[in-house]
Amino acid sequence: MSIPKISREYRLPQTGSTSNLTLKEVPIVPPKAQEVLIKVRAVSLQYRDLMVAVGKYPLGFKENVIPGSDMAGEIVALGSELSDGKWKVGDRVCANFALEHLHGPPTPETVKTALGAPIDGVLREYIAVPAHSLVSVPEHLSFEEASTLPCAGLTAYNALLGLAPLKGGDIILVQGTGGVSIFALQLGVASGAQVIVTSSSDEKLEIAKKLGATHTINYKKTPNWDEEVMKFTGGRGVDHVVEVGGPGTMSKSLKSIRFGGYIHVIGFVAGQGDLSDAFGNILGRSACVRGLLVGSVSQFEDMNRLIVSSKIHPVVDKVFGFEETKAAYDYLESQKHVGKVVIKVA
């Protein structure tokens with residue numbers, strides 16, 4: 001594959017609105033000795049990308065950042081010291097969310113290498129990354145599907161199969177039908193768990209049922225959904241909660257968990273809420289509440305083995321063109337999607 005001299009990339013010269021996304025042309029820089037140059041084929045968007053764009057991402061971001069953390073692409077050039085044969089031109093790959101998070105829990109150092117906030121991200125046509133940050137794309141996935149794996153897929157995997165791996169027959173509570181939640185549903189079903197899904201949309205809940213959800217709850221129609229969860233589980237509670245709502249849903253999550261169960265805190269899309277009873281419920285139910293910052297390269301490789309063996313296809317709701325990136329952000333913000341919103345980089 002011939003490599004052009006010029007690439008295009010999106011930047012955020014200022015925050016406050018997704019309309020500030022600016023497309024620029026820049027020279028392509030050859031990869032360093034231990035890097036590979038990747039032709040980006042697809043980028044998937046996260047709620048985090050919206051928060052960076054409007055300047056409200058709580059973990060911070062660099063000025064004039066290239067947004068985006070999740071991509072799939074094709075190696076087009078190798079650094080001068082990459083002669084071990086592990087990677088070759090033409091390989092289909094993803095880069096890990098945090099380039100230096102290779103194994104174990106995150107550290108202050110690995111957190112600083114997270115794409116699309118503390119360092120420039122993937123919303124561009126070409127990117128050079130360290131070879132040790134790469135994971136192969138499963139053969140049965142398209143670039144668009146594979147682009148959803150680095151953040152949404154790996155976060156769900158780390159939640160359910162990381163610190164305290166779920167067991168067949170466990171019951172999982174999944175909030176909503178966004179990217180992480182749908183992956184949690186798919187991975188849970190593939191691992192033999194029962195999965196309860198909440199949403200404000202009956203239409204979205206029907207999709208969740210088709211993906212294997214055991215029980216669904218419309219939280220608009222059933223505001224006290226924690227009571228419905230306890231009823232479904234015979235008063236026992238669920239083994240795992242994939243908590244994407246944050247303070248706005250945490251109180252009900254704590255009332256839904258079994259004694260000694262796990263709440264995996266991933267996001268804060270539900271906004272603020274009353275947490276005055278949280279400590280008492282954590283202590284009283286002997287609950288384990290765990291914050292997650294995606295996962296490591298080794299976990300990514302483990303996840304891909306499960307995806308391959310179970311022939312899981314990520315749910316891609318809609319694909320936009322590279323020039324339609326602002327429209328893709330707007331669609332993500334509308335919350336009309338189920339699964340992932342993806343940008344195809346031609």
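## Surface and model basis

The accessible surface of the protein comes to about 14500 Å², and carbon and sulfur atoms hold 53% of that area. Accessible areas come from the Shrake-Rupley method with a 1.4 Å probe, and for residues only the protein chains shown count as cover.

This is a predicted model, in which local features need pLDDT of at least 70 and side-chain atom pairs count only at pLDDT 80 or more, while totals for chains, interfaces and linings use all residues. Residues are numbered from 1 along each chain as its sequence is written, and side-chain values use heavy atoms, with hydrogens and water left out.

## Overall dimensions and fold content

The protein contains eleven helices and 15 strands. Helices (H or I, at least four residues) and strands (E, at least two) are DSSP runs, numbered from the N terminus. Along the principal axes, the C-alpha atoms occupy a box of roughly 60 × 40 × 35 Å. For 346 residues, a compact globule would have a radius of gyration near 20 Å, and the protein agrees with this at 20 Å. The radius is taken over C-alpha atoms, and the globule rule is 2.2 Å times the number of residues to the power 0.38.

Of the 346 residues, 54% count as buried. Buried means under 20% relative accessible area, exposed over 50%, and partly exposed in between (1.4 Å probe, protein chains only). Among contacts between residues at least 6 apart in sequence, 70% join residues at least 24 apart. A contact means heavy atoms within 4.5 Å.

## Charges and cysteines

The protein has 35 positive and 35 negative charges, and their mean positions lie 2 Å apart. Lys and Arg count as positive and Asp and Glu as negative, whereas His and the chain ends are not counted. Each charge is placed at NZ of Lys, CZ of Arg, CG of Asp or CD of Glu.

The disulfide count is zero, a disulfide being a pair of cysteine sulfur atoms within 2.5 Å. For C151, the closest cysteine sulfur is that of C94, at 12 Å, which is too far for a bond. C151 is buried, at 11% relative accessibility. C288, by contrast, is partly exposed, with a relative accessible area of 27%.

## Buried loop residues

T18 lies in the loop between β1 (6–11) and β2 (22–27). T18 is buried, at 8% relative accessibility. Not counting residues up to four places away in sequence, T18 touches L50, A53, K326, Y329 and D330.

L82 sits in the loop between β4 (70–78) and β5 (92–95) and is buried, with a relative accessible area of 16%. With residues up to four places away in sequence not counted, the contacts of L82 are A33, Q34, E35, V36 and A131. From L82 to V93, eleven residues apart along the chain, the C-alpha separation is 16 Å.

P247 belongs to helix α8 (residues 247–256) and is partly exposed, with a relative accessible area of 21%. P247 and V265 are 18 residues apart in sequence, and their C-alpha atoms are 9.8 Å apart in space. V265 is also in contact with L292, as are T155, N158, A159, H264 and I266, leaving aside neighbours of L292 within four places in sequence. L292 is in the loop between β13 and α10 and is buried, at a relative accessible area of 10%. The C-alpha atoms of L292 and K39, 253 residues apart along the chain, are separated by 29 Å.

S286, in the loop between α9 (278–284) and β13 (288–291), has phi near 50°, a positive value in a residue other than glycine. K311 also has phi near 50° and is likewise a residue other than glycine. K311 lies in the loop between α10 (297–310) and β14 (316–321) and is exposed, with a relative accessible area of 54%. R305, in helix α10, is exposed as well, with a relative accessible area of 53%. Between R305 and G169, 136 residues apart along the chain, the C-alpha distance is 21 Å.
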